[in-house]
Every structure is written in structure tokens, then in C-alpha cells.
Amino acid sequence: AWYAGRQTLIYVLADGSLWAVPFDPDRGVVTGPTAALGGPASSMPTGTARVSVSRTGTVVFVPRVGATPVLVDRQGVATPLIDRAGEYHNPRFSGDGTRVAMDIIEPTGRDVWVLDRGQGTLTRATFDNDGHDAIWSPDGVTLTYLATREAGVATLLARRDGTAPRMLASGMT
């Protein structure tokens, strides 16, 4: 939450909706009904909403924008890879080009998913609610990715067979 001055508190719910509520800072209590400001606001991989409030009470936020990843052939023809809009980041082809790993940001967090282009299936590869920026091993068996841990950012190795990820390095900031 952010104090916007003029006795107004600004906050974002888990679904990204942006709200304002009258607030008495001296007593620390809400003094009136909430008002919707907009949204949904996008969030950082750590869950922090991309919102800022100026000293004059002006609010700025980065909207959550849904898009569909597309494959573009050499002739410039674009074909959607997935039939639902969402927040997709960092697409990476497997070495043989049959799969695409990408981050998907949802209200519960950000994780790496794998699209099997031949089968058209999308499978979650990480379960950190902050797994991101994966790269494939040359043989396409593992994904190395980043996730936030108490000691900082960790580098982990996820196997395609679903076994628990193995920590490769931690404590990076």
C-alpha cells in the first residue's frame, strides 16, 4: 500500500486491481468506502505491483497486458503458439526446436512453462512462483532458471521428468 497524501491510501489486490480508500494517518484507520482506480496492474516476479504514487497523490501503474506469443516464419507469416492471451516472457526454443520454454506471469506468481509445439500442450516446469528466465541444456533434457530465495537470487536446474529442481548457485543479488 502507498499513502497518497490527502488522507488517501492506495493499494493493489492479488488480481491486480488498483484501489483507493480514505485513510486517517494519525489514527491509522480507514475512514470511508473504497474506490476502484483501474487495473489490472502488472507485478514484478517478487509479487510487488508496478505502481508508484507521487507526493501530490498522482498514481502511475504499468497495466497487465495480455498477449499471445506467435511464431513467425521466414515469409513473415505469424501463427499463434497459444490460444489464450497472457503475460508471457523470455521464450526460448529447445535445441531441436520442438519445444518453447517461457515465463508465464499469473496472479499467483511467475513460473516457467514448456510448450510442446507438436502436441500443442503447455506444461508447468517450475513451481517456485518466481521461476523465470530459463535456458535449455543442449540435449533438451534440463532447464536452468532463476528464482528468488532468502539469500538472494538462486540458479536452479529443472529436469523434464518432474523431479525436484537442484540448486546450482545461490545468494546472488
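**View 1. Val-114 faces Thr-123 across a strand pair.** In this predicted model, Val-114 stands opposite Thr-123, a residue of strand 13. The two strands here are strand 12 and strand 13, the latter spanning residues 121-124. Their pairing is antiparallel and runs over 4 bridges. A hairpin links them, with 4 residues between the strands. Within that hairpin, Gly-120 adopts a positive phi near 75°.

**View 2. Strand 11 pairs with strand 12.** Strand 11 covers residues 99-106. Its pairing with strand 12 is antiparallel, over 8 bridges. Which residue of strand 12 is the bridge partner of Met-102? That partner is Trp-113. A hairpin of 2 residues carries the chain from strand 11 to strand 12.

**View 3. Strand 12 is mostly covered.** Strand 12 comprises residues 109-116. How many of its 8 residues are buried? The count is 7. For the chain of 173 residues, 33% count as buried.

**View 4. Nine residues form the largest nonpolar core.** Its members are Ala-101, Val-112, Val-114, Ala-134, Trp-136, Leu-143, Tyr-145, Ala-147 and Ala-158. Three elements each supply two or more of them: strand 12, strand 14 (132-136) and strand 15 (142-149). Strand 15 contributes the most, with 3 residues. In soluble globular proteins, nonpolar side chains tend to be buried together.

**View 5. Ala-101 and its contacts.** Ala-101 belongs to the largest nonpolar core. Leaving aside residues up to four places away in sequence, Ala-101 touches Asn-90, Pro-91 and Arg-92, among others. Its contacts also include Val-112, Trp-113 and Val-114. Trp-136 and Leu-143 are touched as well.

**View 6. A second core lies apart from the largest one.** This separate core has 8 residues. Among them are Ala-4, Ile-10, Leu-18 and Val-53.

**View 7. The chain as a setting for the close-ups.** What is the secondary structure of the chain? The chain has 0 helices and 17 strands. Its accessible surface comes to about 10,200 Å². Carbon and sulfur atoms account for 55% of that surface. Of the contacts between residues at least 6 apart in sequence, 19% join residues at least 24 apart.

Terms used
Residues numbered from 1 in each chain as written. Predicted model: local features only at pLDDT ≥ 70, side-chain atom pairs only at ≥ 80, totals over all residues. Heavy atoms only, no water. Buried < 20%, exposed > 50% of the residue type's maximum accessible area, 1.4 Å probe, protein only. Pairing = 2+ DSSP bridges. Contact = heavy atoms within 4.5 Å. Areas by Shrake-Rupley, 256 points an atom, 1.4 Å probe, with all protein chains shown as cover. Core = buried A, V, L, I, M, F, W, Y, C linked by side-chain atoms within 4.5 Å.
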